[in-house]
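Subject: Structure for your review

Dear colleague,

I am handing over the structure shown below. Please read the notes that follow with the structure open beside them.

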Amino acid sequence: MDLFTQVSDTVFGNQDILPTFLTLQSNYIVMKRKTTNALSHKVNGDSRRKFIKDSSLAIGSFFIVPSCVIAKGHVRPSDQLNIAAIGAGGKGKSDIYNAWNNGKNRVVALCDVDRNQCQQSSERFPDAVFYNDFRRMIEEMKDDIDAVTISTPDHIHGVAAMMAMEHGMHVYVQKPLTHNIYEARQLKLGARRHKVVSQMGNQGASHPAQMQLVDWFDRGLIGNVHTVHVWTNRPVWPQGIPVPTEKMPLPEKMTPEDWDLFIGPARPVDYHPLYHPFKWRGWWNFGTGALGDMGCHLIDSPFRVLGLGHPTQVECSVGQVFIKDWSPEYIPEGCPPSSNVQVKFEATHKNALPVTLNWTDGGIRPFHPDLIPSEDFLGEPGSGNGVIMIGEKGIMTCGTYGRRPLLYSNNGDKIGMPEDFEVDNPYVSLPESGHQVAWTEACKAGFGSKKHRALTSSFDYSGPLTETVLIGNLAIRSYNLATEMDGRRRFIGRKKLIWDGAAMNVTNFDEANRFVNRSYREGWKLI
């Protein structure tokens with residue numbers, strides 16, 4: 001009788017020793033992983049990956065514990081996902097923690113370019129292998145990683161997610177799904193092609209309030225919708241400011257290699273604290289501005305409720321900054337301090353009227369429609385962020401993530417979400433309504449499974465949503481396109497843009513199409 005059978009029989013015969021057995025098992029796994037990782041650094045490339053795989057196979061059978069010996073509250077190793085985090089600080093910290101789900105899954109690797117930002121994740125998962133280059137992590141651990149969370153600056157999302165999917169890994173990607181429209185389309189197609197389970201990190205998509213809005217609309221309580229207002233108080237970081245020019249020292253624990261990895265596919269620039277941490281959002285090289293930051297949270301509600309498709313037209317104006325009299329700053333590298341964007345959609349199978357969606361940011365919000373009492377907040381308390389959907393028979397409003405949904409009927413009724421409103425979400429009591437856990441459980445069930453189809457923001461949905469958000473940024477960047485003539489700047493892109501969604505193409509101003517995609521630095525191609 002081999003050792004595994006002896007141990008299994010002993011544990012099965014005496015449940016009192018099961019906790020001790022599982023502790024021993026866990027410690028042995030840690031020891032095995034540390035030993036394997038240490039020894040494997042002596043070989044490179046395919047040899048190292050083969051070493052890891054072969055050494056795991058040689059002793060891994062000791063840890064395959066039959067379900068009959070697993071006590072209540074313990075998770076069999078074969079029922080766990082091996083998860084890695086690309087970006088383990090900031091939002092990445094909660095994404096990987098929620099996906100870990102109190103030990104129901106294993107965190108086997110962490111990747112971040114800044115040790116300072118991901119310190120808490122490293123302390124929480126001390127046995128995870130640490131990398132600063134996700135490309136090396138994916139290649140070296142491709143046989144050991146089932147799924148990845150990607151919570152990096154926006155410009156890394158597309159390249160990291162595509163590489164992970166090409167290696168058969170399921171992917172959870174923070175909002176906005178990508179840095180540009182082309183990447184969003186390619187990730188949607190890539191998830192299908194590689195048959196991986198995907199989810200975007202607009203966690204409000206799983207909030208019960210979203211389903212309340214859908215329910216009200218589907219019951220015809222406000223009729224068909226013709227106008228939508230969406231707004232945010234972002235940016236809450238420096239934006240519309242001059243490009244930094246002084247050379248600054250790197251943060252402690254961050255090397256020149258780390259900064260080069262931060263830049264990734266983008267245009268190389270020197271490090272500056274106005275880029276990292278967090279403030280990258282205000283620069284087109286790395287971020288997508290206020291619209292990219294909050295659009296996937298807020299536009300999600302009308303996009304879902306109304307079943308919106310490709311936009312057909314987009315037009316915008318942006319705020320100006322004056323440092324010198326009569327001469328506005330011209331900073332095409334940076335996102336503007338505020339913007340006003342109008343996007344138009346055709347009628348859909350759910351909504352019989354064409355829709356005009358008006359987006360504002362920089363603290364600019366719409367005014368109270370007549371149906372909403374003057375003392376009521378718009379959207380959320382303080383009216384900083386929100387959505388208003390105006391229909392034939394009434395108005396629906398909500399805040400970020402669809403929270404605080406309200407319905408104002410033409411007959412004067414004001415309806416809120418009842419406390420006993422039921423949703424088909426078994427994870428709703430978990431952090432962020434179980435948005436990450438729903439994804440990990442769908443990964444276990446497999447591509448095309450019922451759990452996969454039930455996800456609220458798989459790339460089949462979040463890809464088109466992200467394209468809609470980023471069409472606004474295409475208009476904003478086009479708005480600042482200029483030529484020099486006789487020493488004067490002439491703006492050539494300040495016009496309504498006609499959009500062919502299927503072809504991903506502006507049909508009436510070809511210069512704007514440069515913003516559909518981006519140029520990629522060598523070694524960082526999308527596909």
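The strands and helices named here are DSSP runs, numbered from the N terminus: a strand is a run of E over at least two residues, and a helix is a run of H or I over at least four. On that basis tyrosine 401 falls in the loop between β14 (394–398) and β15 (406–409). Please bear in mind that this is a predicted model.

Overall picture

The protein chain has 15 helices and 20 strands. Of its 527 residues, 55% count as buried. Among contacts between residues at least 6 apart in sequence, 71% join residues at least 24 apart.

Helix α13 and its surroundings

Helix α13 is largely enclosed by the rest of the structure, because 9 of its 11 residues are buried. The buried residues are His435, Gln436, Val437, Ala438, Trp439, Thr440, Glu441, Ala442 and Cys443. They pack against β1 (82–86), α4, β4 (147–150), β5 (170–174), β6 (198–201) and α14 (450–453).

As for the packing against α4, the axes of α4 (residues 91–100) and α13 (residues 435–445) come within 8 Å and cross at roughly 50 degrees. Helix α4 is therefore oblique to α13, and the crossing is right-handed. On the α4 side the contact involves Lys91, Asp95, Asn98 and Ala99, and on the α13 side Gln436, Val437, Trp439 and Thr440. By class, the residues of this contact are 3 nonpolar, 3 polar and 2 charged.

Serine 433 is found in the loop between β16 (414–416) and α13. Its phi is near 55 degrees, a positive value in a residue other than glycine. With a relative accessible area of 9%, below the 20% cut-off, serine 433 is buried. After α13 comes glycine 446, whose phi is positive, near 105 degrees.

Helix α15 and its partner α11

Helix α15 (residues 459–479) has 21 residues and reaches 29 Å from its first C-alpha to its last, close to the 30 Å expected at 1.5 Å a residue. Since 19 of these 21 residues are buried, α15 is largely enclosed by the rest of the structure. The axes of α11 (residues 289–298) and α15 come within 9 Å and cross at roughly 150 degrees, so the two helices are roughly antiparallel. Helix α11 passes α15 in a right-handed crossing. Leu291, Gly292, Gly295 and Cys296 of α11 meet Leu465, Thr466, Val469, Gly472 and Asn473 of α15. The residues of this contact comprise 4 nonpolar, 5 polar and no charged.

Local backbone features

There is a cis peptide bond between lysine 175 and proline 176, with omega about -15 degrees. Proline 176 lies in the loop between β5 and α8. The peptide bond from arginine 234 to proline 235 is cis as well, with omega near 10 degrees; proline 235 is in the loop between β7 (225–231) and α10 (256–263).

Glutamine 186

Glutamine 186 sits in helix α8 (residues 181–194). Its relative accessibility is 12%, so glutamine 186 counts as buried. Apart from neighbours within four places in sequence, glutamine 186 is in contact with Met162, Leu526 and Ile527.

With kind regards

Methods: Residues numbered from 1 in each chain as written. Predicted model: local features only at pLDDT ≥ 70, side-chain atom pairs only at ≥ 80, totals over all residues. Heavy atoms only, no water. Axes fitted to C-alpha atoms, helices over the stretch in contact; angles between N-to-C directions. Parallel < 35°, antiparallel > 145°, perpendicular 65-115°, else oblique. Left-handed = near helix turned anticlockwise from the far one by under 90°. Contact = heavy atoms within 4.5 Å. Nonpolar A, V, L, I, M, F, W, Y, C, P; charged D, E, K, R; others polar. Expected span 1.5 Å × (residues − 1). Buried < 20%, exposed > 50% of the residue type's maximum accessible area, 1.4 Å probe, protein only.
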